[in-house]
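Work through these exercises with the model open beside you. Try each task before you read its solution.

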Amino acid sequence: MVTASSISFGANSTFTSSPIPKTKPLFNIIPHSLKFTTGNGRAAVTFQRAVSVIPKATSADSRATKEPSRTFHGLCYVVGDNIDTDQIIPAEYLTLVPSNPDEYEKLGSYALIGLPATYTTRFIDENETKTKYKIIIAGGNFGCGSSREHAPVALGAAGCSAVVAESYARIFFRNSVATGEIYPLESEARLCEECSTGDVVTIEMAERRLINHTTGKEYKLKPIGDLGPVIDAGGIFAYARKTGMIASRN
Amino acid sequence: MASSVISPAPTSSFINNKKDLGSFCFSWTSQFSVNKCKKSAVSKKIVSVMAPQQSERRPATTGSVKNAMTLTEKIFSRASEKPQLSPGDNVWVNVDILMTHDVCGPGSFGIFKKEFGENAKVWDREKIVIIPDHYIFTSDERANRNVDILRDFCMEQNIKYFYDIKDLGNFKANPDYKGVCHIALAQEGHCRPGEVLLGTDSHTCTAGAFGQFATGIGNTDAGFVLGTGKVLLKVPPTLRFVLDGEMPDYLLAKDLILQIIGEISVAGATYKSMEFVGTTVERLSMEERMTLCNMVVEAGGKNGVVPADGTTFKYLEDKTSLPYEPVYSDEKASFLSEYRFDISKLEPLVAKPHSPDNRALARECKDVKIDRVYIGSCTGGKTEDFLAAAKVFLASGKKVKVPTFLVPATQKVWMDVYTLPVPGSGGKTCSQIFEEAGCDTPASPSCGACLGGPKDTYARMNEPMVCVSTTNRNFPGRMGHKEGQIYLASPYTAAASALTGYVTDPREFLE
C-alpha cells in the first residue's frame, strides 16, 4: 500500500503530492477524558478513564454471560490484508437482524464464511456454529467496505473476543467499539506474517503485549487510544450513560 | 426559501479562494508554517490522541485572528456548537438527517428499543428518512419481513419520510417507493449544504456532493441517534484533491475516483475527509459529483465533500424548501495533504479484481474476456449513467455480445430511462437504445446485485463469472460468487465492454 508521504509515480500517474508528517493512526472515538454539559444546564460531567475490568457490551442478551476480562487466551486465526466486510459476513446473510438473540447466534455461525477457498482451514468448522479461535490476527485495513454492524457482531457471536490487526477500516473499528462485541487491537509489527492459524496466544491488555506460546515470541500492541473510555464503559450506550449524556437506567 | 440565506455569489468567492491558494501555498510546509504562526496550539499531528483534550467551549475568534478551518471542520463546528475545533477533537454532533434501510433499520430499531425502552419515541420524526432498497424483489422471507419491520416502526413512530413498497410484483404500483437510498436522498431533497447526514450504509458519503458532512454508521450508533439526535464524532483532518483541466469526453467521474483510489490505496484516506476542488470538479454535474463522493469510502475516507456552488443550488431549487447555509474551506485552512491531478491527460480506467485500488487502464485489459456487464447501484445507476451507456450503444450501432443487466437506482431514474430523449438519437429514449442493442430490459429499481444479496436477486453472480460493473466494490464474493471477478468501470467503459465481450476502452466507440 502507498502512504501519502511516499507516493510512487507510475506511468499512469497524473498528480503531484505534498509531503505529510508521519502520524499515528487516528482513532475515531474518544479522548481519555471528555467534558460536557448536559442539556438541562447541570454542571459539566467529567469522565476519567477507568482502569477497572472491562465489561462486555450486551447488544444481545447472550453476551451478558461472557466473562469480563483484560486478558485473552486461546487459539488464533490468521488472515491477510484488506479483509472486507463481505468476507467477514457476506451480504446474503444480512437479512439476519443482530438485535434478535436467535438471529444473533445464527449470524455468528456464518462469520468469515466469505473468505476465499485459499483459506483451507476454516474459521468455523463444518457443522459447528462457534469458532475455536478466540483471537483473529490480521494485516492492514481489516473490516474495510460496508458499514454493516453485522460484521463485528458475527465475529463476537461466533465466540471471538479480540482482533489484532495492523490497522482497521474506520467504520468497522467504530462498530466494534460501539457494540463492545470484539476488542479491535493494533499491533506494532506485522503479526499476520509472524503467527500461524492454530498458534496459542495470550493478549495481556495491561501490558499491551501479545505472547505467541507456540513460537515463544512476544509482540507489542499499540495503545488503545481514544477509544479507552468507551471500551471501559462497555460500548457507546454505557459510555453515554456513565457521562450523563443519556439518562441512566434504574 | 433557501435563497434568503445563501450568500449572493458563493461560487465566485470559492473560486477566488482556490486561485489564491493555487498561487501561493501548495507546499504543505508553507501551509503548516502559516498555521503555526497563527495558532500554535493547533497541531495537525494526531499523535496526541492519548493526551487529555481541551473540550470546553472557547469564545469565537473573529476578523484577522479568525481560526481558519476546512469545509468539514466548519460543519463540525456548527453542528457541535463549538466556535473552533481541530482535527482529532471528539465532539457531540447534532444530526440533521438520519437515514436507514431494510438491511440495517431493523437492527437499529432493536437497539433503540432495547436501550431507550419499548415505548420510547424517536428524537425527531421529521429528521429520519427510511428507505427500503437493498433486498426488495426477492422471495426471501426474512428479507420481506425486514421491510415489514420498517413499516411497523414508521407507523408507530409516525415517521414523515418512509418510502414504502408493498406490491413487490410491480414497483410502479408503489408511488412512495423510491429505490437506492443515496440517490433517493438527493432526489427527494434530503441533502443540503452545511448539514450533517448519517446513514447506516457506508455509501452515505455520496451526499458529500452537496457540500455537507455525510458518513456511514453502524446499527448501535444509529440506535443512539434515533433516541438522541446526537453522535460522538472525531473531527477528521482533510486531504484536498485538486482536479484541474478539461475532462475529455470519454471520461466520467468514475474514472476520476478510480484514479484517486488507485493513487492513495484502499486505506489512503482512512479516518480522513476528502475535499474535491478544481476546475474539473466545478464543471461536474451533481450526479457526477455524487459518483466522486460515493467511492471515498473505498479509499477508507470518512467523508468526501464538494463545495456547494451554482450547480448545487440549481439542483436544489425544486427539491427543498428548507433554508440551508453552505460553508467553504477558509483560504488559510490547513490540509493534511494536497494532491493535484491534470484530468486532461487521464485515460479510461478500471479497478481489477479484487480491490478497488487495483487500477489499470481499460485498454491494458483488452484481452480480458468477460461474461456479463452490470450497470446500476448508487455509484453507476443514475440517470446520467444510463445516458452515458446509451451514448456508447448509439455511437456503435452494434449489439452487445454478453448479457447486459441494467438496474436503475430509483423509480425516478427508471422513468428517465423510459422517457428522456438521448441527445443526438433523434428522440430515442435510453430504453429504446438498450433494446436495440440487445440489453436485458431495465429491472425494478433497487441495490440489486451490486452486493450480491439473496440468491434470487436479479443479475446476482451465482457462477464464477467475469463481470464489468459500474458499481463500487470488487472484493471476493461482492456480487454473489466468491470466485467471481469484478472489473469496476465507468458506464462508458461498461457499455463499450458489453459491445465487444472484452474489457474495452470506450474511445473505440466514442472517437
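**Exercise 1. Chain B in outline**

How many helices and strands are there in chain B?

Solution. Chain B has 17 helices and 17 strands. Both are DSSP runs numbered from the N terminus: helices are H or I with at least four residues, strands E with at least two.

Keep the source in mind. This is a predicted model, in which local features need pLDDT of at least 70 and side-chain atom pairs count only at pLDDT 80 or more, while totals for chains, interfaces and linings use all residues. Residues are numbered from 1 along each chain as its sequence is written, with chains lettered from A and ligands numbered from 1 in the order in which they are written.

Next, burial. Of the 511 residues in chain B, 62% are buried (20 or more other C-beta atoms within 10 Å of the residue's own, with C-beta atoms placed from the backbone).

**Exercise 2. Two domains**

Find where domain 1 and domain 2 of chain B lie, then describe how they touch.

Solution. Step one: domain 1 covers 97-231 and domain 2 covers 351-506 of chain B. These bounds come from an automatic or database domain assignment.

Step two: the domain centres in chain B, taken over C-alpha atoms, are 27 Å apart.

Step three: 20 residues of domain 1 of chain B contact 19 residues of domain 2 of chain B (contact means C-beta atoms, placed from the backbone, within 7 Å). On the domain 1 side, helix α6 (residues 181-187) of chain B gives the most, four residues.

Step four: that side of domain 1 of chain B has nine nonpolar, eight polar and three charged residues. Ala, Val, Leu, Ile, Met, Phe, Trp, Tyr, Cys and Pro count as nonpolar, Asp, Glu, Lys and Arg as charged, and the others, Gly among them, as polar.

**Exercise 3. A helix pair**

Describe how α13(B) and α15(B) cross, and name the residues that meet.

Solution. Step one: the axes of α13(B) (residues 383-396) and α15(B) (residues 430-437) come within 9 Å and cross at roughly 45°. The axes are lines fitted to C-alpha atoms over the stretch in contact, with angles from 0 to 180 degrees between N-to-C directions.

Step two: the pair is therefore oblique (under 35 degrees is roughly parallel, over 145 roughly antiparallel, 65 to 115 roughly perpendicular, the rest oblique).

Step three: Phe386(B), Leu387(B), Ala390(B), Phe393(B) and Leu394(B) of α13(B) meet Cys430(B), Ile433(B), Phe434(B) and Ala437(B) of α15(B). The residues of this contact are nine nonpolar, no polar and no charged.

Technical notes:
A residue is buried if 20 or more other C-beta atoms lie within 10 Å of its own, exposed if 12 or fewer, and partly exposed in between; C-beta atoms are placed from the backbone.
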